[in-house]
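Here are my notes on the two-chain model. Please read them with the structure open.

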Amino acid sequence: MNATQEKLREEFDAYVAKDKKIEPKDWMPDGYRKTLIRQISQHAHSEVVGMLPEGNWITRAPSLQRKVILLAKVQDEAGHGLYLYSAAETLGVDRADLIDDLLSGKAKYSSIFNYPSLTWADMGAIGWLVDGSAIMNQVPLCRCSYGPYARAMTRVCREESFHQRQGYSIMMELMKGTKDQIDMAQDALNRWWWPSLMMFGPSDKNSTHSSQNMKWNIKRFSNDELRQRMVDMTVPQAELIGLKIPDPDLKWNEDTGHYDFGEIDWVEFNNVLSGNGPCNNERLEARNKAHDDGAWVREAALAYAEKKKTKE
Amino acid sequence: MNNSQLKNALLRLGDDALILGQRLAEWCGHAPALEEDIALTNISLDLIGQTQSYLSLAGSLFEEGIKSDDELAFLRSGREFQNLLLVEQPNGDFGDTIVRQFLFDAFALLRAEHIAQQSFNPEAAGIAAKAVKEIRYHFDHSSKWMVRLGDGTPESHSRVQKSLNDLWKFTGEMFISDEIDRSGLESGLLPNLEELKKEWDVKIDDILSKATLVRPEDGFMQTGGRKGIHTEAFGFMLAEMQILPRTHPGASW
């Protein structure tokens, strides 16, 4: 690093430390740019892949109202994908390249979407728990030091909170229903509880990206802090509607003012992360098929736009 | 127009919207670009919304007691659905979906514009007035894609021309008048389908010419949807759509 760069770096660090926003044309360290591209594009990919497990139930939604709500929710997710890709593009990358990385398996997306959505109650559990964990992760990002990302997240979070409420409302309705419906809801909670807690990433002692990201105001709270908040928020919600959290070690701790909870199955976590989840292949295949099947359509749109430009 | 005729006219409006909305929902997450995932789910969303309104109104006219929109959507058998055959056609490729949408949108827009203006049934007029705004956007979307695909690449041109040729045989059914259409015309609720066909022709020809596509000859037309005689694929579609309410009778969701 030469002297000019070092000075720029010092100014950057000081600026960020004052909680100021960095904008696309500002100077930024390479590591900061790379981290953001990685994080924002992963987030965009997660929104896009996340459409699949829920899209899977739109055609089977049990009432017209539930169908409308689920359509609106999945449509929001596509919208989140779009503006997150746009936020990433402000850092000098191209959406098409980012999507290629997703399709080739090079880029990651949230592992949670590698679990299957097996019953209607999964629409409840995904909205309530998966979107719940997502919000917990994302609310601090509204204050992230990178302006375009922070602004995108403000909008995303507003919509996510509607998603979470619709998920909880599905669960609530099921718990007021028949024995089959109650069993369906409990089963969904059993299957989605631990994967939702895994969404906060490895425990703090094993987290590789954390400390630098904290310094850069990309990350505000540690994985374990956020996970604890999720547990504290969700347990009373489950109890309120008569659901039982599938964790024998779960217990209110008077001294800490938090719930104690059991250890995550890190073997499963690492397996799903490295491609061995129940749906890793299916999700990527579905995205690749949509992309390949749509190639002639995108080519036609480009060709037509070119022709029109030439005519003008 | 008697009560039963009005009820059936409303069921047809609701069924057209429901079945096309259900087909479009199958695209969710599988469209050629993220923008189209949004557009197709949005159109589906509008159509299911129209369904709720039309079927609720139809449901209030059953002599044996009020039926909810959900009962009508989820607990009728295939033979009781009166949608056009066009809207139940499988999605096929994106071009097939766009052609199906384009042919229907032009018709649905003209029909809704008429219903929005009539005073025989103010509730239906209210539903249609809202629908007109939505269908204008749908027609704009499908028309633009017709032009892009038709005048895009040689491949897209030949694909979409083939879709048009294949689906053309389902367009005749939109303009056939039966007793319900005739009573609807007399009361003012429904448009004159002969007149409407002329306006439809103008809309279709305008876009096809911009799209450099050839309008197929009016040959033999497939019909049956209005009488509840559907395609084989329709049964599978209903099975998927109705599985939960059928499996859990009486449950609330």
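1. B:K144 sits in helix α6 (residues 122–150) of chain B. Helices here are DSSP runs of H or I with at least four residues, strands are runs of E with at least two, and both are numbered from the N terminus. B:K144 is partly exposed, at 42% relative accessible area. The scale is this: buried is under 20% relative accessible area, exposed is over 50%, and partly exposed is in between (1.4 Å probe, protein chains only). B:K144 and B:F74 are 70 residues apart in sequence, and their C-alpha atoms are 34 Å apart in space.

2. On conventions: this is a predicted model, where local features need pLDDT of at least 70 and side-chain atom pairs count only at pLDDT 80 or more, while totals for chains, interfaces and linings use all residues. Residues are numbered from 1 along each chain as its sequence is written, chains are lettered from A and ligands numbered from 1 in the order written, and side-chain values use heavy atoms, with hydrogens and water left out.

3. B:Q242 is buried, with a relative accessible area of 5%. The side chain of B:Q242 reaches the backbone oxygen of B:A73 at 3.1 Å. Neighbours within four places in sequence aside, B:Q242 is in contact with B:A73, B:F74, B:L75, B:R76 and B:F81. Contact means heavy atoms within 4.5 Å.

4. B:R76 has a partner of its own. Its side chain meets that of B:D15 in a salt bridge (2.7 Å, N to O). B:R76 lies in the loop between α3 (69–74) and α4 (85–88) of chain B and B:D15 in helix α1 (residues 3–25) of chain B, so the pair ties together parts 61 residues apart in sequence. A salt bridge needs a side-chain nitrogen of Lys or Arg within 4 Å of a carboxyl oxygen of Asp or Glu. Both ends are buried: B:R76 at 6% relative accessible area, B:D15 at 0%.

5. How many salt bridges does the whole structure hold over all chains? The search finds 35. One of them joins the side chains of A:D19 and A:R220 at 2.8 Å, N to O. This pair links distant parts of the chain, 201 residues apart: A:D19 is in the loop between α1 (3–17) and α2 of chain A, and A:R220 in the loop between α8 (210–215) and α9 of chain A. A:D19 is partly exposed at 41%, whereas A:R220 is buried at 19%.

6. A local case is B:K210 with B:D206, whose side chains meet in a salt bridge (3.3 Å, N to O). They are 4 residues apart in helix α9 (residues 193–210) of chain B, which means about one helical turn. An α-helix has 3.6 residues a turn, so residues three or four places apart point the same way. B:K210 is partly exposed at 48%, and B:D206 is partly exposed at 35%.

7. Now the chain A and chain B interface. 47 residues of chain A are in contact with 47 residues of chain B. The area buried between them is about 4000 Å², with 68% from carbon and sulfur atoms. Buried area is the accessible area (1.4 Å probe) that two parts lose on being put together, summed over both. The count between the two chains is 3 salt bridges. B:D151 and A:K311 meet in a salt bridge through their side chains (3.9 Å, N to O).

8. Helix α9 (residues 223–240) of chain A passes a length check. Its 18 residues should span 26 Å at 1.5 Å a residue, and its end C-alpha atoms are 26 Å apart, which agrees. The expected span is 1.5 Å times one less than the number of residues. Buried residues of α9(A) include A:N223, A:L226 and A:R227. After α9(A) comes A:G242, with a positive phi near 85°.

Notes. Polar contact = N/O pair within 3.5 Å; in protein donor to acceptor, adjacent residues only side chain to side chain.
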